[in-house]
Amino acid sequence: METQWDILVVDDEEVMRESLAAWLREDGYAVDTASSGREAIAKTKIKDYAIYFVDLKMPGGIDGIETMMEIKHLHEDTSIIIITAYATVDTAIAAMKEGAQEYIVKPCNPEEISLLVNRIIKVKNLQRENTILRKKLTQQYSFQDIISKNSKMHDIFQLINEIASLRSTVLIHGESGTGKELIARAIHFSGDRSQKPFVSVSCAALAETLLESELFGHEKGAFTGASSQKKGKFELADEGTIFLDEIGDISTKLQMDLLRVLQEKSFYRVGGSEEVHVDVRVIAATNVNLEDAVREGQFRDDLFYRLNVINIILPPLRERREDIPLLAKNFIERLSHELSKNVADISENALKILLDYDWPGNVRELENAVERAIVTCKGRILTEEDFSFLCHNGKRKNGWHAPTNMTLAEAEKEIIAATIHRTNGNIKEAAIILGIDRSTLYDRIKRYGIER
Amino acid sequence: MPSILLVPIPPVTMERITSLRLPLQSIFDTDTVIDASIHLDIIAALDMYRNQYNSSILLASLKERFPQHEGKILGVSEVDFFVPVLTYVFGEAQLNGTVAVVSVYRLDDTLYGLPENPRRLNERLVKEAVHELGHTFGLYHCLDYDCVMHSSTTVEDIDIKRDNFCPACSRAVKRHLHARS
Ligand SMILES: [Zn+2]
Ligand SMILES: [Zn+2]
């Protein structure tokens, strides 16, 4: 694979800069030049250079070492070669301690430069190959947006393929955050209904009457506020799939209605007398044990058996720990892009923290944790510090003592103001750190009169 | 078809220059002529402190002397060349341009305390001349170690490679020639 690598030569002396650039160009590298540290930093913000040659002594403004530190800050995994005169070799050695990869003394033996550049590029090519390999691996482990190399999960993927085009109802069991909706979507989009609608309803989110009208629609004047006829989710999902999340939470009356839809494939809109016929595949999900609920009389057994034709049990994340690195890296790639951050990887120690943690909130909690770490991360790699909130959970953070002389509201105001200050007024970031949604945060800002 | 102009940059013997004519003519398959009519002022390129000659300055004055030439120009000299950032160079060329220079100085075995070897010296000079001219045809260094465009910073490297292009580099030269004609 031929890859074009970019090199930046930074030297205030034109003849040095140009002769080195010309020499490197003959090797086929794309070489840019900069005549000052400032220009080098400006160019770094536009392009990712694989190698920098930086002259140690540059007059005016910032010298070679400062330039190097600034470049390293912007672009951590780049290679910097310091160019120095004999007189300043000591300083060049000091620069190595600050992160320069090598130094060359000018005028330099041509053989030395060629060997040096070849060696660095060889390593970079290897690193790039590894990244590509890792990407291929992720693709290999992914099925319709679900990433896993766990054998139970792979059995589930296979089952999904087998049942995707059937009409049978499916019941998905899994703790919250295990990705039940992703499984439902995977079933829908792998089957012959994939071109038809997929409609998702969370049964826990709505009060009984609202949920009823949400599912089945209503006629004009069916209740106060029903100013026109409205189609329910079952009608919207006609010929497609409806996903009923947290099915264990629905009332006895709705359990009856649902049973009728499953048996008759028809229903009445709220306040209506006309039967509506639909062809909808039902996929339901629950995070409680429905069999227990049946035994305790909370859930109709006939409905349970209707729903439980095909049963999928999603393992919690702590039972598929081998997926944690894979998932974390996938979240980093996606979220770093979405949050416009430059985070590209995660350190070994940070991964260890993630592997040791129990993840009661499962994959969703992992995703939130990675998001929170990316927001606060200063470099290009997530480190253990970025995940310190996982270790300190429940424990008092170092050096912090809860104030004992203020109201809860006052404390809340202080914390929110401090967080907004830290994110430089970025509400999205502040909301993530505080663990609340943006609308709640806006609400508090207004309530407490916090300045942004 | 553009021709190659061979220009002596004294000090250099005419014998040296003429020995290059036929090999270059056959490798590039193009007319190669010698122009000894000009006298380049080499002193302008001398760095008194280093006691070496700046090949970039020589390139510039060659270009200035032949502004109208359609083909490639190769200057040959026996003095030691350098570019500011390097301790020495065997030659230098304008990448994808018209001018190139090569030096005989470091190709001579006697510089390394070995007995004189005129034939080997000549082979090395041909390879370096073809290499630098190759750069004027837009070629970069080639990874193929016996291609003449392989980067060589020591005479041992030069001895390993052949005096001709690998198939890929050869195609690139032909493309370049056709694009121009
Ligand atoms: Zn070359
Ligand atoms: Zn080649």
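How many bridges join E9(A) to strand E12 of chain A? I will come back to that after some ground rules.

This is a predicted model, in which local features need pLDDT of at least 70, side-chain atom pairs count only at pLDDT 80 or more, and totals for chains, interfaces and linings use all residues. Residues are numbered from 1 along each chain as its sequence is written, chains are lettered from A and ligands numbered from 1 in the order in which they are written, and side-chain values use heavy atoms, with hydrogens and water left out.

Helices (H or I, at least four residues) and strands (E, at least two) are DSSP runs, numbered from the N terminus. Two strands pair if DSSP finds at least two bridges between them.

Now the sheet with E9 in it. In chain A, five strands form an open sheet in the order E9-E12-E15-E8-E16, with parallel pairing. Strand E9 (198-202) and strand E16 (310-313) of chain A are at the edges with a single partner strand each, so one side of each is left without a neighbour in the sheet. On average, and ignoring direction, neighbouring strands of this sheet are turned by 15 degrees against each other. For angles, axes are lines fitted to C-alpha atoms, for helices over the stretch in contact, and the values run from 0 to 180 degrees between N-to-C directions.

To answer the opening question, five bridges join E9(A) to strand E12 (residues 241-245) of chain A, and the two run parallel. One pair to look at is A:Ser202, whose bridge partner in E12(A) is A:Asp245.

H7(A) lies across E8, E9, E12, E15 and E16 of chain A and runs at about 160 degrees to E9(A). Contact here means heavy atoms within 4.5 Å. The partner of H7(A) is helix H6 (residues 151-163) of chain A, and H6(A) packs against helix H7 (residues 180-190) at an angle of about 40 degrees, with the axes 8 Å apart. H6(A) and H7(A) are therefore oblique to each other; angles under 35 degrees count as roughly parallel, over 145 as roughly antiparallel, 65 to 115 as roughly perpendicular, and the rest as oblique.

On the H6(A) side the contact uses A:Ile156, A:Ile160, A:Asn161 and A:Ile163, and on the H7(A) side A:Ile183, A:Ala186, A:Ile187 and A:Ser190. By class, these are six nonpolar, two polar and no charged residues. The classes are Ala, Val, Leu, Ile, Met, Phe, Trp, Tyr, Cys and Pro as nonpolar, Asp, Glu, Lys and Arg as charged, and the others, Gly among them, as polar.

Next, another sheet of chain A. Five strands form an open sheet in the order E2-E1-E3-E4-E5, again with parallel pairing. Its edge strands are E2 (30-34) and E5 (102-105), each pairing on one side only. Neighbouring strands are turned by 20 degrees against each other on average, direction ignored. Strand E1 (residues 6-10) is joined to E2(A) by five bridges, and A:Leu8 stands opposite A:Asp32 in E2(A). Helix H1 (residues 14-25) of chain A packs on this sheet, touching E1, E2, E3 (51-55) and E4 (79-84), and its direction makes about 170 degrees with that of E2(A).

One more helix pair in chain A. H17 (residues 408-422) and H19 (residues 438-448) have axes that come within 11 Å and cross at roughly 115 degrees. H17(A) and H19(A) are therefore roughly perpendicular to each other, and their crossing is left-handed.

Some backbone details. A cis peptide bond joins A:Lys106 and A:Pro107, with omega about 0 degrees, and A:Pro107 is in the loop between E5 and helix H5 (110-140) of chain A. In chain B, the peptide bond from B:Pro10 to B:Pro11 is cis, with omega near 5 degrees.

Last, where the chains meet. 17 residues of chain B are in contact with 17 residues of chain A. The area buried between them is about 1500 Å², with carbon and sulfur atoms giving 67%; buried area is the accessible area (1.4 Å probe) that two parts lose on being put together, summed over both. In chain B, B:Pro84, B:Val85 and B:Leu86 lose the most area to chain A, together 37% of what that side buries.

Notes: Left-handed = near helix turned anticlockwise from the far one by under 90°.
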